[in-house]
Amino acid sequence: MQIYLPIAEISVNIYLLLGIGGLVGVLSGMFGVGGGFLITPLLFFVGIPPAVAVATSANQIVASSVSALFGHIKRKGVDYWMGTVLLIGGLIGSTIGVQIFNLLKAAGQVDLLVNLCYVVFLGIVGGLMFVESLNALRKSGRKGAKKRRRHNWVHNLPFKVKFRISGLYISVIPPLMVGVFVGILSAIMGVGGGFIMVPAMIYLLGMPTKVVIGTSLFQIIFVSAYTTMMHAITNHTVDIVLALLLLIGGVIGAQFGTRIGAKLKAEQLRILLAALVLLVCIKLGLDLVITPLDVYSLGTGE
């Protein structure tokens, strides 16, 4: 069953789009990520233009994140104060990122930039998470009391604030900078930024994994909504029909993902996320270097 997408100007199988939305929704509930790191490349693979995929996927991220967040709120797994600091940084970063996206789009380089960003960031983050998660799984089988996390340079910065739910007393500067960086990525890559933010919150800020997932979703909702609005106003690349289909699948999938995530250990969640990130990275990397079947494409010239 084909459906025509007016902004993307392409016909796609409706069940395929619902399936993509559902899969990303499951990931959102399990890992605390918006799922944009997967949904945007998947839209590339089915023929959606990169500019439309980036702008529209942010819309679906909001829906799946809201659905998944409710499950974590019930378990009291959201640090609202930490999420607010990350959100402030995210809104600043998104504004910067949309301007960069517009400049590159005008120069005709946005497609290449988006693909390169995915390969670089997914490769780095996925590799580091996979190695660390394997080490954590090995250590989890050993008996004995867990060692208290040692202080690092983050704890020596000024403007310290107590984040009670996370059990932290650190400077607001690191989470603010994490938020800015994630906001820029959200605007350029069409992602919620969870695949960057979740590792940063765990390894840089030292937050507990169960709190990280809900807090990440809290920030992603508002930043992704703001990014979608900015793209719609400045680029006119948000496809409402595509967004609606992805949204329906995402909301349903997120509920299943939250239940699955609650049954798995933190180390298992991290290694599954790392493996998924690496698979997407490899697929995108191969697409950049392998000669496509259709070497030529039609387009409008200046």
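Predicted model: local features only at pLDDT ≥ 70, side-chain atom pairs only at ≥ 80, totals over all residues.
Is Val-24 buried or exposed? Val-24 counts as buried, since its relative accessibility is 0%, and this residue sits in helix α1, which spans residues 14-31.

**Buried positions within helices**

- Setting aside residues up to four places away in sequence, Gly-126 touches Phe-121, Ala-274, Val-277 and Leu-278.
- The C-alpha atom of Gly-126 is separated by 9.7 Å from that of Val-280, a residue that is 154 residues apart from Gly-126 along the chain.

**Nonpolar cores**

- The largest nonpolar core has 57 residues, and the members that touch the most other members are Leu-43, Ile-48, Met-82, Leu-122 and Met-207.
- Leu-43, when residues up to four places away in sequence are not counted, touches Leu-17, Ile-48, Ala-53, Ser-57, Leu-242 and Leu-246.
- Another core, of ten residues, lies apart from the largest one, and its members include Ile-213, Leu-217, Phe-218 and Leu-269.

**Crossing of α4 with α8**

- Helix α4 (residues 80-107) and helix α8 (residues 209-234) have axes that come within 9 Å and cross at roughly 25°.
- Because angles under 35 degrees count as roughly parallel, α4 is roughly parallel to α8.
- The crossing of these two helices, α4 and α8, is right-handed, and the residues of their contact divide into twelve nonpolar and twelve polar, with no charged residue.

**Crossing of α4 with α6**

- Helix α6 comprises residues 173-189, and its axis comes within 6 Å of the axis of α4, the two crossing at roughly 40°.
- That angle makes α4 oblique to α6.
- The crossing of α4 and α6 is right-handed, and the residues of the contact of α4 with α6 comprise 16 nonpolar and seven polar, again with no charged residue.

Conventions:
Residues numbered from 1 in each chain as written. Heavy atoms only, no water. Axes fitted to C-alpha atoms, helices over the stretch in contact; angles between N-to-C directions. Helix = DSSP H or I, 4+ residues; strand = E, 2+ residues; numbered from the N terminus. Parallel < 35°, antiparallel > 145°, perpendicular 65-115°, else oblique. Left-handed = near helix turned anticlockwise from the far one by under 90°. Nonpolar A, V, L, I, M, F, W, Y, C, P; charged D, E, K, R; others polar. Core = buried A, V, L, I, M, F, W, Y, C linked by side-chain atoms within 4.5 Å. Buried < 20%, exposed > 50% of the residue type's maximum accessible area, 1.4 Å probe, protein only. Contact = heavy atoms within 4.5 Å.
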